[in-house]
Amino acid sequence: MAIWNEAKECMSRDQMCVLQGERLKKQVKYVYHNVEYYRKKMQNVGLEPGDINGLEDLTKLPFTTKDDLRDTYPFGLFAAPQSEIVRIHASSGTTGKATVVGYTRRDIDIWAECVARALTQCGIGKNDIVQVAYGYGLFTGGLGAHYGVENVGATVVPMSTGNTKKLITMMNDFGATGIMCTPSYLLHIAETLYETGEINNIKLKAAVCGAEPWTEKMRQQIEEKLHVNCFDIYGLSEIMGPGVACDCIEHKGLHVQEDHFLPEIVAKETLQPVPDGELGELVFTTLTKEGIPLIRYRTKDLTSIDRTPCACGRTTARIARFKGRSDDMLVLRGVNVFPSQIEAALLEMDGILPHYMIIVDRVNNLDTIEVQVEVEERFFSDEIKELEKLTKRIEGVIKTAIGLAVKVKLVEPKTLERAEGKSVHVIDKRVFD
Amino acid sequence: MFIKQVSVFLENSAGRLQSALKVLKNENINIVSLSLADTNDYGMLRMIVSDAARAKDALKAAGLSAHLTDVLAIKLPHTVGSLEHVLSEVADAGINVEYMYALSTKDENACIVIKPENAEACAKALEDKKFDFVTNEEVENF
């Protein structure tokens, strides 16, 4: 298969380290002079840009977390003035306040470059018709994938989400050869294709899936059902969006676009770097970002890294399929949800937090969310009508908070589990191995 | 004229109803009448019992969600159309019925338990039409 940017994707490890070192130096200097928050953060630990002379100095730099983004909401970590920012994206934060990111024109170009590399890796080129079925909007999935498909020269069909029937009709009528969407949605599409018998008409050859945790088994299941090559694409809005990393035909890890995003794996507890191959938290430092450059951003995703060359010909470092999160963030139907958002919504109802439990499951390949709420004294009514009203009301406040429809189930008082200390509020029944 | 009904919120799963009834048995409380409304997730057990206050306390002590609600119990003759007659008076007064169920009595009469939307107005409308109500004292001695 072709390689989009051989000069960057097939560099020797030494060359890559030199390039990353130079870019790191430049990026730290840029951030120090353009973001007050970072300048103070560095000054607090007695650091100046001159102290960072290459990769060996990386660990001197303080980490960045989602909290830093929240504390500086909305634009406090932007390094470029508004006049240079051409786009904003946002994802959910831990407490309801969105995490906002901004892109300069060059950032958008680099993003499209990264997605083009990923798509080339997946065998998609200018002779393909690709349906993008990620949500278009504040979520980076839709537009991020879209620009990449255009950049690679393929024909993009901006489906967005929510209309499976139309998607399948167009898949058939246009002879679509590629699709980008969440893996669970693709399995749902596959099932529909079997039900309607249209499975024999489709010309799909590659599926590029991401934006939610999934398993190698699910990937193989998609390949078998749809007779396609299925690939895992990874990204996060804080760093860029989809395309930060993507796997290749070898399926032995996701190639990180490490000339733009410097990966580190650190131990969950000590935050010290771990040797290659060992599991830890993935940390990224942007190397070429202008809009919102981030230094040592803790992704909270758990994985390991392999810096040996890949059989596909690329030498870029590969991260393993994700093994989970080091925080309690849930990815539901491609949407990031923190249990604290649901808790805040319940609390807002009338200022008293009821006992609740969030139960996540995957039924027919789609995530389901049930929120069980105890019927306390203040909620009690012996009229079903009133209880249904209460259910609808709770469903409403949660939907407003997280942007996803949930099922609320009223349960008897004192029946939900109470733990000593930090209580357990989430039961995730989905299987990811 | 109102009588006390015990309402219990129950999970719609095996054994929940029985656990509530066991509490009443252990307290030697007699169930005069009951109705059970069910939804997919939960049920609402509504009962007229020999000692409503004590039943509520015992159910609560057993960790169940029990409450007292005022309802009307109207005596009716065992004749065709007598229930329709009561409801036509309620309807004429513009009052909606939330729920209702039958109450068993020892005497000749039938009896119906009604939870109207507006209890006071409903009681007044029926009183004006000379309907007879079951009292709490009667319930205790059923």
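Domains, chains and packed elements in a predicted model

In chain B, 8 residues of domain 1 are in contact with 12 residues of domain 2. The two domains span residues 2–68 for domain 1 and residues 71–135 for domain 2 of chain B. Their C-alpha centres are 23 Å apart.

On the domain 1 side of the boundary in chain B, the elements that supply two or more residues to the contact with domain 2 are S1 and strand S2 (31–38). S2(B) has the largest share of that side, with 4 residues. Sorted by class, the domain 1 side that touches domain 2 of chain B holds 5 nonpolar residues, 3 polar residues and no charged residues.

Chain B also meets chain A. Here 15 residues of chain B are in contact with 12 residues of chain A. Three strands of chain B each supply at least two residues to the side that touches chain A: strand S1 (2–11), strand S3 (42–49) and strand S4 (65–76). S1(B) gives the most to this side, namely 4 residues. The classes on the side of chain B that touches chain A are 5 nonpolar, 6 polar and 4 charged residues.

Between them, 13 residues of domain 1 are in contact with 15 residues of domain 2 of chain A. Helix H8 (residues 183–196) of chain A gives the most to the domain 1 side of this contact, with 4 residues. The domain 1 side that touches domain 2 of chain A divides into 2 nonpolar, 9 polar and 2 charged residues.

Chain A also contains an open sheet of 3 strands, in the order S10-S11-S12, with antiparallel pairing. Strand S10 (261–266) and strand S12 (297–303) of chain A are the edge strands, each pairing on one side only. On average, neighbouring strands of this sheet are turned by 30 degrees against each other, direction ignored. Strand S11 (residues 280–286) of chain A pairs with S12(A) in the antiparallel sense over 4 bridges. A point of reference for this pairing is A:Val283, which stands opposite A:Arg298 in S12(A).

The last stop is a pair of helices in chain A. Two packed helices are described by the angle between their axes and the distance between the axes. For helix H10 (residues 339–350) and helix H11 (residues 384–402) of chain A, the axes come within 9 Å and cross at roughly 135 degrees. H10(A) is therefore oblique to H11(A). The crossing of the two helices, H10(A) and H11(A), is right-handed. From H10(A), the contact is made by A:Gln341, A:Ile342, A:Ala344, A:Ala345, A:Glu348 and A:Met349. From H11(A), the contact is made by A:Val397, A:Ile398, A:Ala401 and A:Ile402. By class, the residues of this contact of H10(A) with H11(A) are 8 nonpolar, 1 polar and 1 charged.

How values were computed
Residues are numbered from 1 along each chain as its sequence is written. Chains are lettered from A and ligands numbered from 1 in the order in which they are written. This is a predicted model: local features need pLDDT of at least 70, side-chain atom pairs count only at pLDDT 80 or more; totals for chains, interfaces and linings use all residues. Axes are lines fitted to C-alpha atoms, for helices over the stretch in contact, and angles run from 0 to 180 degrees between N-to-C directions. Angles under 35 degrees count as roughly parallel, over 145 as roughly antiparallel, 65 to 115 as roughly perpendicular and the rest as oblique. A crossing is left-handed if the near helix is turned anticlockwise from the far one by less than a right angle, and right-handed if clockwise. Two residues are in contact if their C-beta atoms, placed from the backbone, lie within 7 Å. Ala, Val, Leu, Ile, Met, Phe, Trp, Tyr, Cys and Pro count as nonpolar, Asp, Glu, Lys and Arg as charged, and the others, Gly among them, as polar. Domain bounds come from an automatic or database domain assignment. Two strands pair if DSSP finds at least two bridges between them.
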